[in-house]
Amino acid sequence: MKTDIQIAQEAVMEPIAKVAQELGIMEDELELYGKYKAKITDEYMERISKNPDGKLILVTAINPTPAGEGKTTTTVGLGQAFSKLGKKAVIALREPSLGPCFGIKGGASGGGYAQVVPMEELNLHFTGDFHAITSANNLLAALLDNHIQQGNELGIDTRQVVWKRCLDMNDRVLRNIVVGLGNKMDGVVREDHFVITVASEIMAVLCLSEDMKDLKERLGRIVVAYDFKGEPVTAADLNAVGAMAALLKDALKPNLIQTLEHTPALVHGGPFANIAHGCNSLRATKTALKIADYVITEAGFGADLGAEKFFDIKCRIGGLSPDAVVLVATVRALKYNGGVAKADLNEENLEALKKGIVNLEKHIENLHKYKVPVVVTLNAFLTDTEAEISFVRQFCEERNCEFAISEVWEKGGEGGVALAQKVLETLETKESRFEVLYQDSLSLKEKIEAVSKEIYGADHVVYTGNASKQLKQLEDLGFGNLPVCIAKTQYSLSDDPALLGRPEHFDVSVREAYVSAGAGFVVVLTGAVVTMPGLSKQPAAYGIDVGEDGKITGLY
């Protein structure tokens, strides 16, 4: 089998203007970035703003394992399958981060014959959105430190600076740093921190903004520090909004590319779901809904993170109402959850499958709490046996879930037709009565406990360090009505990555909370999760190269 990058490099792409034209987008409504990438103009989005919305389908997954699940691959393949069936479909995805690309996970463009292209450009610099976000974030940091250096008119308490610099790379040594060393003209000495760009509030703001006006209002609300009276200091107070918006002007526009089979894909924004809200931009999703009859989008990592934040943050803020959910699993991943070592996953093992399928069961139960119809799909591997597939099928159908096999990695859109038909059948026969998990009026602790107990399955929430004090301060400052964005390990339903399957009788440990007032949520850090990842002993960067012919190898 060819590698993903070989398949992508051999693809014959259509000019993006032609892909757009088939959607009804004229060439002068595009801003071209070469032949195969474009941004959609504000004028086009305004022109289609009165169109009726299509159906919104979320693709999510069980907790990720080293065995692989294939959520993005399934999303892309399902979109291709809809096109095969003659349906007008658009895929809405997040942009990849350079962190995992050069780290351990690899790219984020799908896999096999279910990919979005141009693959190398998407996984590297793409249209420069992440660079713009990084620049805007760090401009705000520079203006903040300059304000302190130039007399500190706002009375900023340098012990309560909360705005962090960012970099789109896994670089653990930047997690905790000291700035301002040197002489008097080099700034005020203080402790500082970096987060990866996908965890920056600017990323969340971009992904949740409706338009430039909304973007500027959200940027202005960003809390960067607190003064000596304990009052928040914002980006608007620092007169930073205009310059930041100028850097983000083009990044705010959704990007249009295509799949291997020329199905249109809007790829825009890229927050991680373990340390951020994990969804592509609201603007891209809403644009796709005005263009297509069916929009297939995804949310990061497992349904306990990505889907929960899609529902409780993105849909709440954006007024979206999803029509169906596709929940991706693999026999291999379920057996891994049942205690089978990665080296032994190719062997049939019904006992391990029965033990590990409780992870899938919990995600099904969680999704049903949002009252959206669920379709479970098994991303097929050659080593799956009929007995294993039959067991999973019966398990799902007994829990009021439709079920289909997905073979999109091997067969592209054709391998997703059965899944697409099952989704269409579900849309026709089952009504979504979507509702969020908790109401705005609850306290922040009540919201944290709702997610921890209802979605993760925890017995209790334990607040360590200053977490309780921080939550009370946020409520006193008027932020108690916001939803919560919980940062948690992706590998387990709990906050302990070692607890596989469906953990029981555990506590969730909350160690820190702070407001992302511009984005419109309160961030809650649990367990040992960090917002600036590090590289592994053998990072993927070691295997990436460029040949004399200019072709990149080893990217994915």
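An open sheet of four strands turns up in this predicted model, with the order 20-22-23-21 and mixed pairing; strands pair here if DSSP finds at least two bridges between them. Strands (E, at least two residues) and helices (H or I, at least four) are DSSP runs, numbered from the N terminus. At the edges sit strand 20 (460-463) and strand 21 (484-487), each of which pairs on one side only. On average, neighbouring strands of this sheet are turned by 40 degrees against each other, direction ignored. Strand 22 (residues 507-516) and strand 23 (residues 521-526) run antiparallel and share six bridges, with Val 510 standing opposite Thr 526 in strand 23.

Two helices pack on this sheet. Helix 12 (residues 303-318) touches strand 21 and strand 23, and its direction makes about 165 degrees with that of strand 21. Helix 20 (residues 467-476) touches strand 20, strand 22 and strand 23, its direction making about 35 degrees with that of strand 22. Contact means heavy atoms within 4.5 Å; axes are lines fitted to C-alpha atoms, for helices over the stretch in contact, and angles run from 0 to 180 degrees between N-to-C directions.

As for the ground rules, residues are numbered from 1 along each chain as its sequence is written. The model being predicted, local features need pLDDT of at least 70 and side-chain atom pairs count only at pLDDT 80 or more, while totals for chains, interfaces and linings use all residues; side-chain values use heavy atoms, with hydrogens and water left out.

Elsewhere, strand 4 (residues 89-93) is largely enclosed by the rest of the structure, because five of its five residues are buried. Buried means under 20% relative accessible area, with exposed over 50% and partly exposed in between (1.4 Å probe, protein chains only). Both faces of strand 4 are covered: Ala 89, Ile 91 and Leu 93 lie on one side, Val 90 and Ala 92 on the other. Strand 4 runs parallel to strand 16 (residues 294-298), joined by four bridges, and Ile 91 has Ile 296 as its bridge partner there. Strand 4 also pairs in the parallel sense with strand 15 (residues 264-267), over three bridges; here Leu 93 stands opposite Val 267.

Two helix pairs are worth a look. Helix 7 (residues 129-149) and helix 10 (residues 241-248) pack at an angle of about 165 degrees with their axes 8 Å apart, so they are roughly antiparallel (under 35 degrees counts as roughly parallel, over 145 as roughly antiparallel, 65 to 115 as roughly perpendicular and the rest as oblique). Residues of helix 7 including Ala 132, Ile 133 and Leu 140 meet residues of helix 10, among them Met 244 and Leu 248.

Helix 8 (residues 201-208) and helix 9 (residues 212-221) have axes that come within 9 Å and cross at roughly 150 degrees; these two helices are therefore roughly antiparallel as well. Ile 202, Val 205, Leu 206 and Leu 208 in helix 8 meet Asp 214, Leu 215, Arg 218 and Leu 219 in helix 9.

Back in helix 7 sits Phe 130, which counts as buried at 7% relative accessibility. Leaving out residues up to four places away in sequence, Phe 130 touches Glu 95, Pro 96, Ser 97, Asp 168, Thr 197, Val 198, Met 203, Gly 269 and Gly 270. Leu 327, by comparison, lies 197 residues from Phe 130 in sequence and 29 Å away in space, C-alpha to C-alpha.
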